[in-house]
Amino acid sequence: LVTAGAKTARVRWTQRAGRDSECAERAALGAGRGRLIRLIATESVVRAVVGGLEGIVWGRWGLDALLPLLPGRMPRADNVALDTRVLAFAALLTIAAGLLAALGPALRAARHDLFQTLKEGRQAFAWRAALGLRGGLVVAEVALAFVLAIGAGLLTRSFVSLLDWQPGFDRQHLLTFWTLASDGTYRDRQSVTALFDRVTKELRAIPSVTSVGMVSNGPLFGGEETGEFIIEGADAAGATAEAPIAARWFDMSPGYFPTLGVALKRGRLFTDADRAGAPPVVLINEALARRSFPGVDPVGRRIREQNSNEPLQIVGVVADIAPFVPGQAALPEVYWPCAQSPRWASFFVLRTTGDPAALVKAVEAKLRAADPDLSASNVATMAERVETQLRRPRFNMLLVGVFAVFAIALTVVGVYGVIAASGAGRARGIGGRVARRPPAAG
């Protein structure tokens, strides 16, 4: 709204260059400086208000188009509207922009040389003025339009990349949900592990389920945990006690990566033997292997948390899961078996042969069979969950891209206004050149 009003007012200010003769004629007929200033200011504000009203219409249409695309978890999305407070504030800024745009022409009209202006005629001053400040405006707006065009192009490329985002696993035929074990019933970690073992067994018994995995958290589920790790051994590049490595971490069951379809690159995955009492083991992703073990096989090496003295042996390297930002490389990640560090809450992932959404009732029944107090929460297919994670960056890119397109359009209007005023100022000179052109032979 403010941009449209200011742009309209600024074009009006540019057109003042061709009206100095008119102001001189009005002054010769008895108009005082105050009246001329009021005339210019009134015309500028009226044009700014017209641009502001146009901005209201575009804003209303824009809200109707963009609100359905808002991410579902955006805070206070229901309060996004053109209310009276926003409109009043924008109206004040629009009027202020109109007055500011009229300031230069009004001051010039107040101190013009009446005799000289009438002598030069209506359009002579416009071209001479265009060589000064308005010529600089043309250069500045063309430069801004060029920058905005490049930015819009980059945003478009990022938006297209996001539409074609590939996570590094097969997201089809996957059902996910979250469940919580009562800490009043399951007081220790061993009982929690036994409960989730029963849940996994029950879920595998569903006819169309081919595999079941369990994970504590992670980017796919809208959360992450970050820690600092120290890699034992002096030959690990960039991994000394003085320079710990920051990595995201979460725990999972042996069936998690096979259920997702994430490829194993080296070593082995977790097994049912990786439980409490067994040697603590971890998996790392390729990003961590490339960063900390260039040219070295990480399988068999040991790492530990910065605040812990317990070594964790690396038993395998898995493929990276792509982040939800186009062009951003995968971050280092560490995974360990949930049976060695069980939690009372966990996400489950089920690979199915048919439509995963059709298994919600069967999953609820199997959870109650394992424990009547269990229930499935936050149920969604993996395709829906990925789409939810992509919705916010996709919306941000779309919104900025729309703003860039409108900014370029307004810049083109401004450049046109300045160049049109300059061209009008040269009309007399161009007419003279045409009149002096010799007639064509024959």
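**Reading the model together**

Guide: Let us start with one side chain: that of Arg351 reaches the backbone oxygen of Gln172 at 2.6 Å. This is a predicted model, in which local features need pLDDT of at least 70 and side-chain atom pairs count only at pLDDT 80 or more, while totals for chains, interfaces and linings use all residues. Residues are numbered from 1 along each chain as its sequence is written, and side-chain values use heavy atoms, with hydrogens and water left out.

Visitor: Is Arg351 buried or exposed?
Guide: Buried means under 20% relative accessible area, exposed over 50%, and partly exposed in between (1.4 Å probe, protein chains only). Arg351 has 12% relative accessibility, so it counts as buried. Arg351 sits in strand S10; helices (H or I, at least four residues) and strands (E, at least two) are DSSP runs, numbered from the N terminus. Contact means heavy atoms within 4.5 Å, and beyond its neighbours within four places in sequence Arg351 is in contact with residues including His173, Ser208 and Thr259.

Visitor: Which residues of H8 are buried?
Guide: They are Val192, Thr193, Leu195, Phe196, Val199, Thr200 and Leu203. Down the axis of H8 these fall within an arc of 160°, so they line one face of the helix; the arc is that of the directions from the helix axis to the C-beta atoms. On the face turned away from that buried side are the exposed residues Gln190 and Lys201. The buried residues pack against strands S1 (174–180), S2 (209–215) and S10 (345–352), and against helix H11 (360–370). At the N-terminal end, Asp188 caps H8, with a side-chain oxygen 3.2 Å from the backbone nitrogen of Gln190.

Visitor: What about the largest nonpolar core: how many residues has it?
Guide: In soluble globular proteins, nonpolar side chains tend to be buried together. A nonpolar core is a set of buried Ala, Val, Leu, Ile, Met, Phe, Trp, Tyr and Cys residues joined through side-chain atoms within 4.5 Å. The largest one has 28 residues, and Tyr256, Phe257, Leu260 and Met382 have the most contacts inside it. Its largest share, 4 residues, comes from H12.

Visitor: And how many aromatic pairs are there?
Guide: A pair of aromatic rings is described by the distance of the centres and the angle of the planes. Rings of Phe, Tyr and Trp (its six-membered ring) pair if their centres lie within 6.5 Å; planes under 30 degrees apart count as stacked, over 60 as edge-to-face and the rest as tilted. The structure holds 8 such pairs. The rings of Phe229 and Trp336 have centres 6.4 Å apart and planes at 65°, so this pair is edge-to-face. Phe229 lies in strand S3 and Trp336 in strand S9, so the pair ties together parts that are 107 residues apart in sequence.

Methods
Polar contact = N/O pair within 3.5 Å; in protein donor to acceptor, adjacent residues only side chain to side chain.
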